[in-house]
Amino acid sequence: MYKSALPIPVRLAILCALAVPFAVQAQKPEPLPPGPMFSGGHMTLHSGALGLDVLRYSGTVASLTTTGAVPWNYAPTDKLSERSQDTFYHLGDIDLRVRAAGATAWQALSSATHREPQKILTATDHELTGDITNSLPPDSPVRIVRSWKDDGDALLLSFALTNTTNSPLEIGGVGMAMVFNNIMNDRTLEQAYSECSFYDPYIGEDAGYVQVAPLKGTGPVLLVLADQHTPFEAWKPILDRRSRTTHLGEPGNDPTPRGTTFEGSFDWMVHSAAFAETEWKGAQEWNPPTAETLAPGASAHYTLRFVVAPDIRQVESTLAAHHRPVAVGIPGYVVPQDQSARLFLRSTQPVRAMRSEPAGALSWHDDGTLPGGLLAYTLQGKQWGRARLVIEYADGTTQSIAYRVIKPEREAIADMGHFLFNDQWFDQPNDPFYRAPSVISYDDSVHAQVTQESRVWIAGLSDEGGAGAWLAAAMKEFLEPDAAEVAKLERFVDETVWGHLQVAEGEHRYGVHKSLFFYQPSLVPAFQYDPKTNWTSWTSWNKESSDDLGRSYNYPHVVAAYWALYTIARNTHGLATHHPWQWYLDQAYETTMAMRTQAPYYTQFGQMEGTVFVRLLDDLKREGKTEEAGKLESWMRERAEHWRSEAYPFGSEMPWDSTGQEEVYDWTRYFGFADKADVTLNAILGYTPVLPSWGYNGSSRRYWDFLYGGKYPRIERQLHHYGSGLNAIPLLAEYRSHPDDLYLLRAGYAGMTGALTTIDTKGFASAAFHSFPDRMADDPYTGDYGPNFFGHAVNTGTYIVNDKAMGWLAFGGNLSQTHDVIDVSVLDSSRRSIFLAPLGLWITLDGGTVDRVRLNTRTQRVTLMLSPATQTVSTARLRLSVPADTSAHPRLSGNFALDAGAWTVPLSSKETSVEVER
């Protein structure tokens, strides 16, 4: 039934031919002949767990390999020949911006622009030092000496910059190129996962580092550490603008084509004031931009240290072993204003001072030193928005941690619901595209709905980029239904989805169109297309293309809307009034099965939001729909069997992707294909970092979807795009089965809460945050935010943990302890899911919410305080399980009836107390 995985170039060609809106990649230039870099041979240094091959001609890296039983090469060695011409960047290159003190214009210098042989000063078994000044222009005011050294348990890369003029010289930009093997161009998926690595930055001043992890998520992790006061100030992308005549990179650019299979390379910026004055002007950077002034003849020195962590879970212990400050934020670095956060520091140096920028944005309490040596703090978010916590240590080391303060979670999603169902509510009765009524895309930069766009799907209510707004709206009602908003959602389903976005009759019934909006003026003569818009590209589909039913990725959005309304109709009174819950459940089922007949090709891949199919199957079984459940489960097993046959079972419509893993994990784990579930989970860990920064922590790698759903389309690392919310689903599910693995909880919870960071104070939800330093802000389009919020909505909860080093912790609530009793106020956005890690107990509610949970650690008695009844919820419906032990059957204490497998608890006007028996 399924075609085997195709090489990336072949799959890309097929996608372009099908005009699927996700196939754009930078055009690959003709291969260039090898440059002179190889003419001097190479030399090898060994240090600790690393072996380094350096080209003698250029002094740049040819290979950087671990020396263990299974070596891993972090450098793009197999691309070296095709990347050996001028302007291709390599590890060991440096970019500068300098000017004479008092001047206004900056001079850009780079060792990669026009490479000449270095003048070797020292070449031994332990060191290669060379003068690379002759690779700079003749009028360069600096001399650069670069050294590679074996330092016992580490490799050192050092640069010495000397002012060769007779006047003071201001250095406003120092960027050391971080070039590793993240180049998946021309590789199959198997090759990419067997050879390539992803890398992520902790832009934390003197405590900063870069971690380079194998794509497969297992094996040793390279760490690049700040050394000898070489602060990690900013993270500058090396772009790929090329000369049209030579095909080489323009100055400061690398011609390796960036696209879906290559995110690009970056500079570790020690100083960045020159960029802050020019290209980055007006952006709020991670750290304040700095410069350094050298007197005539004076030198500045910068050093990076390369070490290896045994695996991704041991990054922090490796940092500590190398005497680097370590920060662990619980539950992360996103702080709702009604929740207390914890911060734990490990350092060989005492903390001398702490400050918040802006002042007062964060407050903290020093909780003292824990028995294991951790310095503990309790933090509160006081001022909405981005905040920077700066920690100064006794030896002068400065560490910065990026926090994001948000409104209380329930308040944030209430704001979002109001904005979606009011500002984004499109109800134009004579719309020729039949989009009314609906929750439509929005452009916050002009405070207007997006009713036409050359990327037609954005205005067409389909694809992730167009369905994002109404999918977020549906999942908001799933979490916290509001009567007026549910009424509008039902209108949208009845009047716009059923019969327009989705085929309602005939042989294609339940099929989902690619877009309702299209560009074909002859068919809508009364509609005025914007004459300033370019309607000539492939993205401006005509009606035939927009009507296509073959993109299966559009179906889960519709299923999720039906399923959300099913849960509302099933578990509340008087909110969903258009249809009984059975109708919504049937619609969700039929739409799911329609993928098999109407859009079969892409069902060979995991679908974004594919978790909804697992939830749907569970509900079909619970509601006694045995025949439907059997058919759905049989088909899903067929898909999972296909994934079982693949080495890396998460292909996509894209050459490489990070979103289908969610569903692949769900079904391979569901059907007991543990090896494939583990492969998938490890891949997620490979592109979902745990770092002391709200932006990168738990932010699963996405870097091309601004092209298809953003106001500012470009290849760029997107922070807390929908990959975060979706990939958090497997991470937290796996944690509940392995409650001793706190790393999974930290990664998953960060991704899940990251979905709330792009909701602004009025409730507008952005597709993602722009990480490039020229913008550093949320994108103004709603775009494809919906899948992100889906991941949050089905996954949010409160987790209670007792960690050996950090003690009792709450993720999603406020915890207090009195003797043997742990009390937690439940403050996550749903208040319907609680995991008690010491007991492995997973408590979920279909109806009703929990205000507080109490655990007696001596008796292990669990008490839930259920919220009072409301007009629409008079009965709580609870489910209890122990994911790590399926033989366990916890139950409620007392005489409570079961309904479709859920314990039913009548609610009163006050809190209702219930106890769990294990």
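I take buried to mean under 20% relative accessible area. The model I am reading is a predicted one.

**Entry 1: Arg97**

I looked up Arg97 and found a relative accessible area of 16%, so I record the residue as buried. I place Arg97 in strand 4, which covers residues 94-100. Which residues does Arg97 contact, leaving aside its neighbours within four places in sequence? I list Trp106, Gln107 and Ala108, then Glu170, Ile171, Gly172 and Gly173, and finally Ala274, Phe275, Thr278 and Glu279.

**Entry 2: aromatic pairs**

I note 61 aromatic pairs in the structure. One of them joins Phe198 and Trp656 in an edge-to-face arrangement, with 5.0 Å centre to centre and 70° between the planes. I traced Phe198 to strand 11 (residues 197-202) and Trp656 to the loop between helix 12 (626-644) and helix 13 (661-670), so this pair ties together parts that are 458 residues apart in sequence. Are Phe198 and Trp656 buried or exposed? I find both Phe198 and Trp656 buried.

Phe517 and Phe527 both lie in the loop between helix 7 (483-497) and helix 8 (543-546), so the parts tied together here are 10 residues apart in sequence. Phe517 has 0% relative accessibility and therefore counts as buried. For Phe527 I read a relative accessible area of 18%, so Phe527 is buried as well.

I also assigned Phe517 and Phe527 to one aromatic cluster, together with Phe433, Phe518, Tyr519, Tyr529 and Trp535.

**Entry 3: charges over rings**

I looked for charged groups over aromatic rings. The charged end of Arg639 sits over the ring of Trp635, 5.6 Å from the ring's centre. I record Arg832 over the face of Phe478, at 5.0 Å from the ring centre.

**Entry 4: nonpolar cores**

Which members of the largest nonpolar core touch the most other members? I name Met178, Phe306 and Met475, out of 242 residues in that core. Helix 9 (residues 555-571) gives the most to this core, contributing 12 residues. Apart from this core I note another, of 29 residues, including Ala810, Leu880, Val882 and Val914.

I returned to Met178 for its contacts, again leaving aside neighbours within four places in sequence. Met178 is in contact with Leu91, Tyr199, Val210, Val224, Trp235, Ser265, Phe266, Trp268 and Leu304.

Conventions. Residues are numbered from 1 along each chain as its sequence is written. This is a predicted model: local features need pLDDT of at least 70, side-chain atom pairs count only at pLDDT 80 or more; totals for chains, interfaces and linings use all residues. Side-chain values use heavy atoms; hydrogens and water are left out. Helices (H or I, at least four residues) and strands (E, at least two) are DSSP runs, numbered from the N terminus. Buried means under 20% relative accessible area, exposed over 50%, partly exposed in between (1.4 Å probe, protein chains only). Contact means heavy atoms within 4.5 Å. Rings of Phe, Tyr and Trp (its six-membered ring) pair if their centres lie within 6.5 Å; planes under 30 degrees apart count as stacked, over 60 as edge-to-face and the rest as tilted. A charge sits over a ring if NZ of Lys or CZ of Arg is within 6 Å of the ring centre and within 35 degrees of the ring normal. A nonpolar core is a set of buried Ala, Val, Leu, Ile, Met, Phe, Trp, Tyr and Cys residues joined through side-chain atoms within 4.5 Å.
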